[in-house]
Protein chains: 2
Amino acid sequence: MADVARRAGVSAQTVSRVSNGHPGVVGSTREQVLAAMQELGYRPNSAARALKYGQFRTIGVILFTLSTVGNSRTLEAIVDHAAEEGYAITLIPVAVPTRDGVLGAFTRLGELAVDAVIVIMEIHLLDAATVSLPSGVPVVVVDSDADDRYSVVDTDQVDGARQAVRHLLGLGHRTVWHVAGPEESFAAERRATAWRTELERAGRSVPPLSRGDWSAESGYRAGLLLADEPDCTAVFAANDQMALGLLRAFHDKGKVVPADVSVVGFDDIPDSGSFVPPLTTVHQDFTEVGRRCVERVLRQVRNEPVEPGTTLVPTRLVPRDSTSAPPA
Amino acid sequence: MADVARRAGVSAQTVSRVSNGHPGVVGSTREQVLAAMQELGYRPNSAARALKYGQFRTIGVILFTLSTVGNSRTLEAIVDHAAEEGYAITLIPVAVPTRDGVLGAFTRLGELAVDAVIVIMEIHLLDAATVSLPSGVPVVVVDSDADDRYSVVDTDQVDGARQAVRHLLGLGHRTVWHVAGPEESFAAERRATAWRTELERAGRSVPPLSRGDWSAESGYRAGLLLADEPDCTAVFAANDQMALGLLRAFHDKGKVVPADVSVVGFDDIPDSGSFVPPLTTVHQDFTEVGRRCVERVLRQVRNEPVEPGTTLVPTRLVPRDSTSAPPA
DNA sequence: CGAATGCATGTTTACGCAAACATTTCGGCG
DNA sequence: CGCCGAAATGTTTGCGTAAACATGCATTCG
């Protein structure tokens, strides 16, 4: 900055004023300063700025993996909305989903230049790490039940699962089977619980639960077993990728979807409309989740009031061709 | 820091020494300082640190979208490897893929606290923005032909496409049709060119090119047309998602894959093994791409020698069930 | 026994910027 | 013609940290 000032024949303060668009700099001077900046390739040092202002205009995002569609789409929405607000996003990966891994991420976080944190992760692991969360840093969590400690944003898992079950029962199926996500996942747990509750409420029998790990492959394995259950005419998979595996398993076993068995997924990933057959699924609004995360966390940064607890983003069922009335 | 020093009854410099693990602090003093840090919840201010060191230990990543599997997996690999090296990742979204959008991203970048930049984007757009790239900041680009100006890392698109074509010709198909990605994409262009070249080299006729936008839906639309081509017995799709659309289109048109028509994809996304039928595809090593990006860019940061030009990450064909000999 | 040595710790300074305050400049008006 | 006030510009200062240098103290050795 000093070089620019010298070159433009002005003081450093004037350079600062020009660089920040402050008023009170006459046109000709401004021109000179801008010219000098250009020539010298000057760009303000954000470290010094941050030091001065005590803010980084950056939000940290802690996540375990980007390989699930939900996480990466949520992240994308967060990045976009943060950018609109003039905030950048710094990623803090948790290499291994263990207690230590999470603790490590939070430790690194403490040294990081962020004004706030959004956690996209199974909160079961977060529990252990609570203590080490740097105090004074606003935190918003996605998919958790830690709403007594943090601000939580989540898709309305319960209502989504309920819609899936009702849709299938409404088509005339006697009951609905479920392929759940991994036990560590809150989302998986919620969807499974809501599935069970809805069946019980309707007075239907609750079939044994299958479990996958969100991957299509795990859905395939579950599907091979389900295909041998003669009573199984309707399956609700906890995500679209496992539903894809189910479709393949039923195909391999000679069962026709939806004539022999109906399948409902969860997420509405972009590809799900191109499955064979196109998948009936529960649409999740990842963009809205990301938007609310950013909004909530920035409210805290600005010391504005934040309604406490969990904010739920609604879902909606997208009927496609993988569901129909049960075989006669 | 001053508070900690006061509380521990030492100077600020000693606190600094403890906090950075420097030697020359006797045990008892260290204990006291650590205790004071704990009590006061002290954590070093990274802005001040960065100001002092002139480094942020952060790499900026410019990308347009996370919705393609390739981008999000590459990003994940970059994040992981950067973390291993003690670097954080800051995301810089390009809201709209226009010249101005890219310019905007680079402008913001100039103000951002990053030591280096990795660009994951169609370089066609990057061209226009070259001028505004802050000089002195190391840049590595993924998927580009700007290797005269930047360090470039890329999957070996040409060899991958060649493997796909050879595989199909080797099975006895007379020629291979191609569903390409969008024109703006270098990767799409390279795969298409390699497909054409390989056909010509083998002395086969080159069928008209179809074009999609990477989405399954666009693959479906292309597939509906291809299904009406009586000579079309083998299709190479430029990515797995479009291949998924092809599979559905052929299914809808009553064509059996692979008996009537063979399909090869590109990427080997995790789901592709669960398509119906499981997809023969060209495996891309996104992890390796990410690793090399980080390695290259950090070499530049450290002023170590970097071999210029493009570094290519090899691919390999993964044969599954979507390809076979052509119908008799 | 005094000086030299080495180690633990303290003091000064600069990193780049912008707020707060100080000074200069210039136009307008009595 | 000189003075006032507003606008333009300059100077000082501190943000939190760590390198460089300074000090003080204990131990050791001639």
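How many nonpolar, polar and charged residues does the surface near DNA strand C have? By class there are 10 nonpolar, 10 polar and three charged residues; Ala, Val, Leu, Ile, Met, Phe, Trp, Tyr, Cys and Pro count as nonpolar, Asp, Glu, Lys and Arg as charged, and the others, Gly among them, as polar.

The views show a predicted model, in which local features need pLDDT of at least 70, side-chain atom pairs count only at pLDDT 80 or more, and totals for chains, interfaces and linings use all residues. Residues are numbered from 1 along each chain as its sequence is written, while chains are lettered from A and ligands numbered from 1 in the order in which they are written.

**View 1. The surface near DNA strand C.** Among the 23 residues around DNA strand C, those that come nearest are A:Met1, A:Asn45, A:Ala48, B:Ser11 and B:Gln13. A residue is near a strand if its C-beta atom, placed from the backbone, lies within 6 Å of it. At least two residues of this surface come from each of α2 and α4 of chain A and α2 and α4 of chain B. Helices (H or I, at least four residues) and strands (E, at least two) are DSSP runs, numbered from the N terminus.

**View 2. The surface near DNA strand D.** A:Ser11, A:Gln13, B:Met1, B:Ser16 and B:Asn45 come nearest of the 23 residues around DNA strand D. Two or more residues are given by α2 (12–19) and α4 (46–53) of chain A, and likewise by α2 (12–19) and α4 (46–53) of chain B. The residues of this surface divide into 10 nonpolar, 10 polar and three charged.

**View 3. Chain A as a whole.** Chain A has 12 helices and 12 strands. Its radius of gyration, 26 Å, is well over the 20 Å that the globule rule gives for 328 residues, so chain A is more spread out than a compact globule. The radius is taken over C-alpha atoms, and the rule is 2.2 Å times the number of residues to the power 0.38. Along the principal axes, the C-alpha atoms fill a box of roughly 90 × 40 × 35 Å. Of the 328 residues in chain A, 52% are buried, that is, 20 or more other C-beta atoms lie within 10 Å of the residue's own, with C-beta atoms placed from the backbone.

**View 4. The contact between chains A and B.** Chain A gives 46 residues to the contact and chain B gives 47 residues; two residues are in contact if their C-beta atoms, placed from the backbone, lie within 7 Å. On the side of chain A that touches chain B, α5(A) has the largest share, seven residues. This side has 25 nonpolar, 13 polar and eight charged residues.

**View 5. Strand β2(A) and its partners.** β2(A) pairs with strand β2 (residues 88–93) of chain B in the antiparallel sense, over three bridges; strands pair if DSSP finds at least two bridges between them. A:Leu91 stands opposite B:Ile89 in β2(B). Within chain A, six bridges join β2(A) to strand β1 (residues 58–63), and the two run parallel. A:Leu63 stands opposite A:Pro93 in β2(A). Both faces of β2(A) are covered, with A:Ala88, A:Thr90 and A:Ile92 buried on one side and A:Ile89, A:Leu91 and A:Pro93 buried on the other.

Notes: A residue is buried if 20 or more other C-beta atoms lie within 10 Å of its own, exposed if 12 or fewer, and partly exposed in between; C-beta atoms are placed from the backbone.
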